Amino acid sequence: MIRSFKFIDLFSGLGGFHLAASSLGGSCVFASEINESLHDVYEQNYGMRPHGDLRLVDPALIPDHDLLCAGFPCQPFSKAGGQKGWRDTVRGTLFFNIAQIIELKKPSFVILENVANFLKHDDGNTYRQVISALHELGYQVTASKLSPHLFGVPQHRERMFIVAVRGSLDGFSWPEPTYELTDIAQVLDDLPAPSKPTSPHVIDCLEVWQQLLDALPQDVEIPSYPLWSMEFGATYPLEKPVHKLRVKDLQQYRGSFGVSLEGMSRAEIYKNLPSHALREVGFPGWKIRFITNNRKFFEDNKLVLEPWLEKVKIFHSSLQKLEWNDKGGERSVWSHLVQARASGLRIKKTAYSPALVAASDSQIPIIGWKKRYLSVRECARLQSMDSLVMPESIYDAYEALGNAVNVHLVTLIMQNLLSAVDDFELHKRPATLAASV
């Protein structure tokens with residue numbers, strides 16, 4: 001394995017690539033991050049301050065390096081493909097700035113990371129353009145989708161990785177999953193650091209749902225489809241949008257939680273229908289089947305569900321929905337992970353910690369038996385970043401961790417790459433090579 005190499009860390013965020021590469025003997029010679037609020041944190045962790053917006057950096061001023069790392073944003077690429085090859089197809093995207101650096105500096109290796117759906121983005125055009133551009137720049141390329149939960153880290157976070165080499169890829173292989181058993185308990189603290197406050201309202205609602213689970217007979221299976229309690233007892237028609245029906249026709253039905261619509265005005269009727277029923281267009285077939293299943297579940301278990309409805313209807317509509325993701329598991333919300341999302345409460349196995357995302361802190365799970373959210377430090381462990389200083393604001397920290405790469409997984413990829421090129425002479429590869437994938 002190569003013992004010493006230089007690397008650059010683009011779109012660096014908290015520096016997941018930096019942490020992985022430096023642990024393997026790498027020395028960072030350049031970093032960039034557009035979010036200036038992370039610059040101080042990066043400097044605290046690594047002793048160097050990242051540059052800002054990569055689009056404003058002259059590639060010629062970036063030091064020579066052996067490895068380029070980038071978890072780059074996904075943007076639409078041109079399908080046209082003009083006479084200038086990769087420059088036409090990726091111009092106007094952030095990958096264009098990466099490609100400019102690659103063309104000028106010719107690093108021996110490139111590791112790129114993006115969301116798993118990158119492969120399908122723009123009908124696969126984006127992925128094809130990136131691969132094509134790397135080929136034109138003289139690299140052999142391979143790609144794979146991997147998740148840290150396959151390697152002993154309790155987080156399901158599938159991401160796409162691209163490895164490109166200015167030489168042969170014959171000796172490189174992607175890390176083999178270990179399929180170690182994982183559990184969220186691996187990252188929990190007895191006395192956790194600050195975390196997102198847990199709303200008493202959410203805890204109260206979970207208690208109400210637990211009352212339902214306790215009341216259901218043991219031979220009644222918890223449905224795999226989400227339970228929408230507002231549809232329990234409802235009879236309003238699903239095949240036609242309600243605004244196309246006459247008031248006197250609607251009055252013969254029941255709305256949310258089975259309330260009778262008899263004698264109501266149109267405005268009153270609309271207030272007593274679920275928000276999803278007020279669509280300008282009708283329900284798609286799958287949603288009709290889904291709501292029909294909910295209504296049947298209510299009719300089949302009416303003696304238990306009917307008195308319970310008064311308890312759940314006081315909560316926000318997002319808390320009136322529950323999705324049970326542990327078929328056959330212990331029927332207790334308190335022994336599971338809980339996500340309180342806009343789309344409803346989601347109950348998950350403790351072995352399945354959902355991916356941290358930057359867009360919303362609602363993805364952060366509540367630990368049922370502790371009745372609290374994962375702390376920032378515990379989320380850092382899910383990203384194998386426990387040693388790092390985090391942003392002072394817990395919400396900034398959650399966002400940065402949601403944007404980060406998993407250090408353990410990236411380290412495994414780098415180890416395989418560096419081990420495959422023992423005889424690779426750094427900084428001195430020929431400018432052009434036959435490219436294949």
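What covers helix α1? Among the elements in contact with its buried residues (contact means heavy atoms within 4.5 Å) are β1 (5–10), β2 (26–31), α2 (39–46), β3, β4 (109–115) and α13 (407–419). Helices here are DSSP runs of H or I with at least four residues, strands are runs of E with at least two, and both are numbered from the N terminus. Buried means under 20% relative accessible area, exposed means over 50%, and partly exposed is in between, with a 1.4 Å probe and protein chains only.

Helix α1 spans residues 16–23, and six of its eight residues are buried, so the rest of the structure largely encloses it. The buried ones are G16, F17, H18, L19, A20 and A21. Just after α1, G25 has a positive phi of about 105°.

A word on the source. This is a predicted model, where local features need pLDDT of at least 70, side-chain atom pairs count only at pLDDT 80 or more, and totals for chains, interfaces and linings use all residues. Residues are numbered from 1 along each chain as its sequence is written, and side-chain values use heavy atoms, leaving out hydrogens and water.

Now the aromatic rings. Rings of Phe, Tyr and Trp (its six-membered ring) pair if their centres lie within 6.5 Å; planes under 30 degrees apart are stacked, over 60 edge-to-face, and the rest tilted. The whole structure has 12 aromatic pairs. In one of them, F72 and F95 have ring centres 5.7 Å apart and planes at 50°, so this pair is tilted. F72 is in the loop between β3 (67–70) and α3 (86–90), and F95 is in helix α4 (residues 94–105), so the pair ties together parts 23 residues apart in sequence. F72 is buried at 2% relative accessibility, and F95 is buried at 0%.

Another pair, W228 and F290, is edge-to-face, with 4.7 Å between centres and 85° between planes. W228 is in strand β7 (residues 227–228) and F290 in helix α9 (residues 285–300), 62 residues apart. Both W228 and F290 are buried.

Next, charges over rings: NZ of Lys or CZ of Arg must be within 6 Å of the ring centre and within 35 degrees of the ring normal. The charged end of K321 sits over the ring of W228, 4.5 Å from its centre. R295 lies over the face of Y236, 4.6 Å from the ring centre.
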